[in-house]
Amino acid sequence: MNKDIMKKAAPFLVLAAGILWGTMGLYVRRLNNLGFTTIEIVAVRSVVTAVLLLAVLFFYNRELLKIRIKDIWCFVGTGIFSIVFFNYCYFKAITMTSLSVAAVLLYTAPAIVMVLSTFLFHEKITLVKVLSLLATFAGCVFVTGLVGDAGSLSVNGVLVGLGAGFGYALYSIFSRYALERGYHSLTISFYTFLFAAVAVLPLADVSIIYKTCEEDFRMLGFYLIFGLVSTVIPYITYTLGLTAMENSKASIIASVEPVAATVLGILVFHEKMTISNLIGIVLVIGASVVCNVEGSRIGKVQ
C-alpha cells in the first residue's frame, strides 16, 4: 500500500481495532454465564485466533508463516508477556478491586507506551501528546463511572491493575520490534496467539470448552465469531496501523475501547447513560481527534 495512503489510513485502522476490542464484553458475559473461568476464556480466544490466522496465512501466503529463530523473543513478548500476562492481571484486578478501578488502571497503558517508546524508539514527547494522554485517562475515569465511586482500593489490587496496564502496553513495544524486523502484521498476530495458546492451554479446563460444543453445536460458530471480531481483525488492523504511526499515538487512539464498550452496553444491555459516561466519551474521542491531527512527524519503521 502507498505510504501516504497508509499514513492517512493508520488512525482509522487503530480506531477500528479499539472499537472491536470494545465488543469483548458481549462474548465474555456469555462465556461467564456458561461457567468459563478467565483462563478458559483466554484459552478459547487464543486457540481460535491462532487457528483462524493459520488458515488465512496458509491460503493467502504461506511465506508469511516463516520466522527466524533469533526473532522468536518478539512473539514470546507479544504472546506471553503481553496477551497472557495482561489478561491474567486484568481479571485478577477485577476480583481485588472493582471493574471500574481495574479498567482505569488498565488504561495507564498509553502512558507506559509513551514513556517506553521515548527511550526505545526515540519518539518525541510533545505537549499535544501529553494533553491527549491526560484527557484520555480522565475520559476513561469518567466513562467507567469511577468518579464518585472509587470502589474498594487496595495496594495489591492497584499493583496488579498496573501490571495489566504494563502487559497491555508491551504489545505495542514488542510488535514494533517485530515490524522493524520486516514481519507482516498477519505473521505477528498469528505467532502472538500461537504462543499465548501454548502458554495458557495447560492451565485451562479444556473439557468445558468441548462440552459446550457437544451440547450445542452452534457454540462452535460463537467461538469463531468471538475470535474473528474481537481478536483477529482488531489485532491485524492495530498492528498494521503501527507501521505508519507512532506507538504512543496508536495507544491513545485505541483507548476508544472503553467508550465502545459503554455504548454497546447501552444499546445491547440497555444500561443507563450517565453524565459521567457522556463526559468520558467526549474526552476520549476528543483526545483521539486532537492526537491524530497533531502536526508533528508520524513515526515510521526504520
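**Close-up views of a predicted model**

View 1. Helix 9, which runs over residues 185-200 and has 16 residues, reaches 22 Å from its first C-alpha to its last, close to the 22 Å expected at 1.5 Å a residue. Because 12 of its 16 residues are buried, helix 9 is largely enclosed by the rest of the structure. Among these buried residues are S185, F190, Y191, A196 and V200, and the buried residues of this helix pack against helix 3 (38-60), helix 4 (72-96), helix 8 (155-180) and helix 11.

**View 2. The contact of helix 10 with helix 11.** The axes of helix 10 (residues 206-215) and helix 11 (residues 218-242) come within 6 Å and cross at roughly 125 degrees, and the two helices are therefore oblique to each other. On the helix 10 side, I209, T212 and C213 meet M219, L220 and Y223 of helix 11, a contact that by class has 5 nonpolar, 1 polar and no charged residues.

**View 3. The salt bridge of E246 with K129.** The side chains of E246 and K129 meet with an N to O distance of 2.4 Å. E246 lies in the loop between helix 11 and helix 12 (247-253) and K129 in helix 7 (residues 127-143), so the pair ties together parts that are 117 residues apart in sequence. E246 is buried, with a relative accessible area of 3%, and K129 also counts as buried, at 1% relative accessibility.

**View 4. The salt bridge of D71 with R68.** The closest N and O atoms of this pair are 2.9 Å apart; D71 counts as buried at 3% relative accessibility, whereas R68, at 38%, counts as partly exposed.

How values were computed:
Residues numbered from 1 in each chain as written. Predicted model: local features only at pLDDT ≥ 70, side-chain atom pairs only at ≥ 80, totals over all residues. Heavy atoms only, no water. Axes fitted to C-alpha atoms, helices over the stretch in contact; angles between N-to-C directions. Helix = DSSP H or I, 4+ residues; strand = E, 2+ residues; numbered from the N terminus. Parallel < 35°, antiparallel > 145°, perpendicular 65-115°, else oblique. Contact = heavy atoms within 4.5 Å. Nonpolar A, V, L, I, M, F, W, Y, C, P; charged D, E, K, R; others polar. Expected span 1.5 Å × (residues − 1). Buried < 20%, exposed > 50% of the residue type's maximum accessible area, 1.4 Å probe, protein only. Salt bridge = Lys/Arg side-chain N within 4 Å of Asp/Glu carboxyl O.
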